[in-house]
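Here are a few exercises to work through with the model open beside you. Try each task before you read its solution.

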Amino acid sequence: MEQVANLLLSGLSSGSVYALVALGFNVIFKSTGAINFAQGEWVMMGGMVAATSYAAHWPLGLAILCAVLAVVMVALLSERLILRRIKKPTALAVTLMMIAIAICSKSLVMLLLGKNPANLPGFSGSEPVLWFNLRIHPQTFWIVGITCLVMLATHWFFERTVLGRAMRAVAAQPEAAALCGIEPRMAMALSFGLAAGVGALAGTIITPLTLTSFDHGTVLGFKGFSAAMLGGLGSLPGALIGGVALGTLEALAGGLISSHFKDAVAFVALLLTLFLRPTGILGRGAVEKV
Amino acid sequence: MASLELAGVTVTFGGLRAVDALSFSVTSGSIKGIIGPNGAGKTTLFNAISGITAPESGRVLLGGRDVTALRPFQRAALGLSRTFQNLQIFGDMSVLENVMVGAHPRLHSGWLAGLTGRTRDEDQRAEEVAFQKLSMLGLETRAADLAGSLGFADAKLLEIARALASEPQLLLLDEPIAGVPPADQARIADIIREVNGAGVTIVLVEHNMRVVMNLCADILVMNYGARLAEGEPAVVARDPDVIAAYLGPEARHA
């Protein structure tokens, strides 16, 4: 019983991070129709930059801020210098280009920040908090809290602000949105900045629990993608549900069956989603009115 | 003064000249009708005017200003707005939100304010404008509904409301009446007349001849991307070339 509760808690914290990664996938999918395969690398980059800055004796808060800003800059530059030059930025062209950007981002981190795993301290230390009989790592609260805040803020942004509404309009009908005076490229740049910022934040909050290194991004990206698919690609609440579901399943499978199964869960979840319900839990069927 | 002027505009797709060296102008404050058989290039013409399709040659002028090199969102800022024949509504947004997006060119906040949400006043104004346009088109009771749930006729009205929300000087209407039940056709015609009465120049593509003849003082007939005839409705309707294009060459002698 206690073991299951512990597993659920660890599932909740890794699931929250998957949810943030999935959120990044969804934001970019909504605005461009593309799958951003660099999302995982941005998460890793966030963790690496924060860890390196912290190792250089920067205050923790400043290191995290610097990591988020650096990754947002990398994403905006990728958009500005590479994606904008694609003559016809179809979803497929952008997706392929993001794979290239992912590979370059990974190599860039390896060359600049090195191959060694890097670490950050827990934001409130690492003395476990005792709750009933459970020993909870204090970072768990930070992870879950920050994830909830980011989810609420993103929801508010898309539903309640002029700019968020403009971005949804571009996602739905780019031509009509352009004729409503919205610059489609601006919406695209904004979605890249948003996805990168959220990804980098996810990287900094998980690093105290898992460490990070230049080759962590691919797996994180894959799990975030599975979470996004599971919850429904393009759906913001779907990212939260998919992420937490995947994290929980993974923790339970790892703890109750065998730790060898842990990483297989995301693959199985992705395959089952594609076979049984390609639109995901919250995704609506792709019904096109003709 | 001409609100819209085209000089030798040519749009080609592969070897097909969808619009072929077309020149015409639209007097400020008037309603210009554009008719022609299916495939005559009417929608392509609208795409060239609104900047969605780049012409191969020729110039597009809005209010005397050459906008040929400007992108759609820049032309929108200059007072151009349009509807689409194959509806392009924002399906997963509410009806009211659709029209609020239409009010976008009237908002003046920078992107930083938009990002941080410090645009509440403008948002409220956009909402007021949007609601007023919805009332004008009789859609105010559906304001909170999802736009994707509207029927075809209401969706067409929604497109007009969204186009009006930007308070355009020039409005391009692509078949606003096609597919609308007869009961609502007269209402849309009245709305077009009302909008025009408020000073908006209108270019109207429509197949319903009775409506076009009633609304427009000036009609351009297109065939194979080029001008077949142009002038007053009564003159155009008697033109033998126009009759031939619509009914086949043998009708010329009937």
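**Exercise 1. Find the salt bridges between chain A and chain B.**

Step 1: Use the rule: a side-chain nitrogen of Lys or Arg within 4 Å of a carboxyl oxygen of Asp or Glu. Between chain A and chain B, that gives two salt bridges.

Step 2: Look at Arg168(A), which pairs with Glu97(B), with 3.3 Å between the closest N and O atoms.

Step 3: Now go to Glu183(A), which meets Arg71(B) at 3.8 Å, N to O. Glu183(A) sits in the loop between α7 and α8 of chain A and Arg71(B) in the loop between β5 (65-66) and α2 (72-77) of chain B, so this pair joins two chains. (Helices, H or I of at least four residues, and strands, E of at least two, are DSSP runs numbered from the N terminus.)

Before going on, a word on ground rules: this is a predicted model, where local features need pLDDT of at least 70, side-chain atom pairs count only at pLDDT 80 or more, and totals for chains, interfaces and linings use all residues. Residues are numbered from 1 along each chain as its sequence is written, chains are lettered from A and ligands numbered from 1 in the order written, and side-chain values use heavy atoms, with hydrogens and water left out.

**Exercise 2. Describe the side of chain A that touches chain B.**

Step 1: Count contacts (heavy atoms within 4.5 Å): 28 residues of chain A meet 32 of chain B.

Step 2: The elements giving two or more residues to chain A's side are α5 (138-160), α6 (162-172), α7 (174-179) and α8 (184-210). Of these, α6(A) gives the most, with seven residues.

**Exercise 3. Work out what the salt bridge between Lys223(A) and Asp263(A) links.**

Step 1: Check the distance: 2.5 Å, N to O.

Step 2: Lys223(A) is in helix α9 (residues 217-231) and Asp263(A) in the loop between α10 (236-257) and α11 (264-276), so the pair ties together parts 40 residues apart in sequence.

Step 3: Compare accessibility (buried is under 20% relative accessible area, exposed over 50%, partly exposed in between; 1.4 Å probe, protein chains only). Lys223(A) is buried at 6%, while Asp263(A) is partly exposed at 43%.

**Exercise 4. Where does the salt bridge of Asp174(B) and Arg82(B) sit?**

Step 1: Their side chains meet at 3.8 Å, N to O.

Step 2: Asp174(B) is in strand β7 (residues 170-174) and Arg82(B) in strand β6 (residues 80-82), 92 residues apart.

Step 3: Both Asp174(B) and Arg82(B) are buried.
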